[in-house]
Amino acid sequence: MTNTDLCIDLQGDIAIVRLTRPAKRNALNDGLILALRDAFQNLPATVRAAVIDGEGPHFCAGLDLSELSERDAGAGLRHSRMWHDALESIQHGPVPVVAALHGAVVGGGLELASACHIRVADASTFYALPEGSRGIFVGGGGSVRIPRLIGVARMTDMMMTGRVYNAEDGERVGFAQYLVSEGAALDKAVELAQRIATNAPLTNYALMHALPRIADQPADHGYFTEALMAGIAQDAPEAKARVKAFLEGKAAKVAKG
């Protein structure tokens, strides 16, 4: 499936979803946001994990301001909610998603990255939230997702002062879980996606859908939700087969990394 803004490459049970606007540093316009939504809502049933990448030297430089039109408050609200719907299709969609970050991960690009479950950054990556200097505010879920990665104080600093984080500092504060050499992010992201795809699907689903919600619940509610999810997951036939294989010595034990 390909259009002018987005390309999906199916490699076995992995889908590589690539932003294809390199001349615009993969800036996000409405068409691309809607294409992302449609792509994740309509992934083939054979796909078990996905990677989001950006063509060219940048992952995504944010909102395409050249296409930003004046909106009244109601239209602005609806536009933001359209972004929420699209990125929700990634975060709480059918499969785990790994982001392959490089170059600019800025504004809406950082909002997109924060909707993914795992982020791999290469040494060229830099992060910024320039909305404060442009007189606007994040509208793609960034005010919810980004503080959960780096904290409210750091996000406030970025938006108030225009602070830019490089790849090393970004990994240190929590933007990415992996940091690799320049040009290696996609290969590492695909490697991780292939590993994730071997997990029991119901366990991956629990990690995507239950774990974030448990983190938002009071402790006693979280414990109960955890117990329900644990009971459901272990009842799956695939889980029973995996536990049996381990008990019979047919599955590998955890080894020191």
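Is Tyr165 buried or exposed, and what is its relative accessible area? Tyr165 is buried, with a relative accessible area of 2%; buried denotes under 20% relative accessible area, exposed over 50%, and partly exposed the range in between, with a 1.4 Å probe and protein chains only. The model is predicted, with local features requiring pLDDT of at least 70 and side-chain atom pairs counting only at pLDDT 80 or more, whereas totals for chains, interfaces and linings use all residues. Residues are numbered from 1 along each chain as its sequence is written, and side-chain values use heavy atoms, with hydrogens and water left out.

View A. The strands follow the order 1-2-3-4-6-9, with mixed pairing. Strands (E, at least two residues) and helices (H or I, at least four) are DSSP runs numbered from the N terminus, and two strands pair if DSSP finds at least two bridges between them. Strand 1 (6–11) and strand 9 (178–180) are the edge strands, each pairing on one side only. From one strand to the next, the twist averages 20°; axes are lines fitted to C-alpha atoms, for helices over the stretch in contact, and angles run from 0 to 180 degrees between N-to-C directions.

**View B. Strands 1 and 2 with helix 1.** Strand 1 and strand 2 (residues 14–19) run antiparallel and are joined by six bridges. Leu10 has Ala15 in strand 2 as its bridge partner. Helix 1 (residues 30–41) packs on the sheet and touches strand 1, strand 2, strand 3 (49–54) and strand 4 (97–101), contact being heavy atoms within 4.5 Å. The direction of helix 1 makes about 25° with that of strand 1.

**View C. A cluster of aromatic rings.** Ring pairs link Tyr127, Tyr165 and Phe175. Rings of Phe, Tyr and Trp (its six-membered ring) pair if their centres lie within 6.5 Å; planes under 30 degrees apart count as stacked, over 60 as edge-to-face and the rest as tilted. The whole structure holds two aromatic pairs. Tyr127 and Phe175 are stacked, because their ring centres lie 4.5 Å apart and their planes are at 15°. Tyr127 belongs to strand 7 (residues 126–128) and Phe175 to the loop between helix 6 (167–173) and strand 9, 48 residues apart. Both residues are buried. Tyr165 and Phe175 form an edge-to-face pair, 5.8 Å centre to centre with 70° between the planes.

**View D. Cysteines without a disulfide.** The count is zero disulfides, a disulfide being a pair of cysteine sulfur atoms within 2.5 Å. Cys60 has its nearest cysteine sulfur, that of Cys116, 11 Å away.
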